[in-house]
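Here is a walk through one protein chain and the ligand it holds. Keep the structure open as you read.

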Amino acid sequence: MKDCNCIFCKIANGEIPSATLYEDSDFRVILDLNPASKGHALVLPKEHYANVFELPEDLAGKAFVVAKKVASRLSEGLGAIGFNIVQNNGEPAGQTVFHFHIHLIPRYEGDTVHVGWKPGTLSDDDKKEILDLFE
Ligand code: 5GP
Ligand code: ZN
């Protein structure tokens, strides 16, 4: 299941060359073209899934194992002092390429990476509504 108009399908399957850190039968991990920090990498499945909701569970599990392995190597090798693993779904959440990917972002003293939100408060109504979804 490839999408021939999808840039990440082409990169993941080697039709477009990329700076590849890791490859197996299901995934390719590449350096981001516009890195948030030194070593910013992307875990790409070779099959096309637009987002985490389309991704089959077995690949979701494997993707995080790959993310952990490559993140560990990057973190140690580059001397990162922190590490963000980020995954965006949908335009409002910051997704710009609609082929599932996991961002691996090493963090350094004084870097300019921003991953954050303003902490809110959990209302009783919201808590009930959400907990009811899982009953
Ligand atoms: P998103 O915003 O969808 O979560 O992340 C897309 C990421 O893909 C961005 O960090 C962007 O820099 C990266 N990107 C977009 N096009 C290319 C490309 O052609 N090659 C590589 N290596 N990275 C890309
Ligand atoms: Zn794709």
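The text below goes from the whole chain to the ligand site, and then to single residues.

Start with the overall picture. The model is predicted. The chain has 135 residues. Its secondary structure consists of 3 helices and 5 strands. Going along the sequence, these elements come in the order α-β-β-β-α-β-β-α.

How much of the chain is buried? Of the residues, 34% fall in that class. The accessible surface of the chain is about 8,900 Å². Carbon and sulfur atoms account for 56% of that surface. Now take the contacts between residues at least 6 apart in sequence. Of these, 55% link residues at least 24 apart.

The space it takes is the largest pocket. Two elements give two or more residues each to the shell around ligand 1: helix α1, residues 7-12, and strand β2, residues 27-31. Of the two, which gives the largest share of the shell? Helix α1 does, with 3 residues.

The shell around ligand 1 counts 16 residues. The nearest are D32, G94, T96, H101 and H103. Three of these can be followed atom by atom. D32 uses its side chain: an N or O atom there is 2.5 Å from an oxygen atom of ligand 1. T96 uses its backbone instead, where a polar atom lies 2.7 Å from a ligand oxygen. H101 again brings in a side chain, with an N or O atom 2.9 Å from an oxygen of ligand 1. How much of ligand 1 does the protein bury? Taken alone, the ligand exposes 520 Å², and the protein buries 81% of that.

Now look at R28. This arginine sits in strand β2, one of the elements that give residues to the ligand shell. Is R28 buried or exposed? Its relative accessible area is 10%, so R28 counts as buried, the limit being under 20%. Its side chain makes a polar contact of 2.9 Å with the side chain of T20. A polar atom of the R28 side chain also lies 3.0 Å from the backbone oxygen of I11.

The relative accessible area of N51 is 18%, so N51 falls under the 20% limit and counts as buried. A polar atom of its side chain lies 3.0 Å from the backbone nitrogen of F53. Beyond four places in sequence, N51 is in contact with N89, Q95 and F100.

F64 is found in helix α2. The C-alpha atoms of F64 and I102 are 8.4 Å apart, though 38 residues separate the two in sequence.

S75 touches A80 and F83, when residues up to four places away are not counted. V113 is 38 residues from S75 along the chain, and their C-alpha atoms are separated by 15 Å.

The last stop is V115. Where does V115 lie? It is in the loop between strand β5, residues 102-107, and helix α3, residues 124-133. With a relative accessible area of 39%, V115 is partly exposed. V115 touches N84 and V86, leaving out residues up to four places away in sequence. I85 is 30 residues from V115 in sequence, and the C-alpha atoms of the pair are 9.9 Å apart.

Conventions:
Residues are numbered from 1 along each chain as its sequence is written. Chains are lettered from A and ligands numbered from 1 in the order in which they are written. This is a predicted model: local features need pLDDT of at least 70, side-chain atom pairs count only at pLDDT 80 or more; totals for chains, interfaces and linings use all residues. Side-chain values use heavy atoms; hydrogens and water are left out. Contact means heavy atoms within 4.5 Å. A residue is near a molecule or strand if one of its heavy atoms lies within 4 Å of it. A polar contact is a pair of N or O atoms within 3.5 Å; within protein, one must be able to donate a hydrogen and the other to accept it, and residues adjacent in sequence count only if both atoms are side-chain atoms. Accessible areas come from the Shrake-Rupley method with a 1.4 Å probe; for residues, only the protein chains shown count as cover. On a 1 Å grid over the protein atoms alone, a cavity is a set of points where a 1.4 Å probe fits but cannot get out, and a pocket is an open set with protein on both sides within 12 Å along at least five of seven lines; lining residues have an atom within 4 Å of a point. A molecule sits in a cavity or pocket if more than half of its atoms lie within 2 Å of its grid points. Helices (H or I, at least four residues) and strands (E, at least two) are DSSP runs, numbered from the N terminus. Buried means under 20% relative accessible area, exposed over 50%, partly exposed in between (1.4 Å probe, protein chains only).
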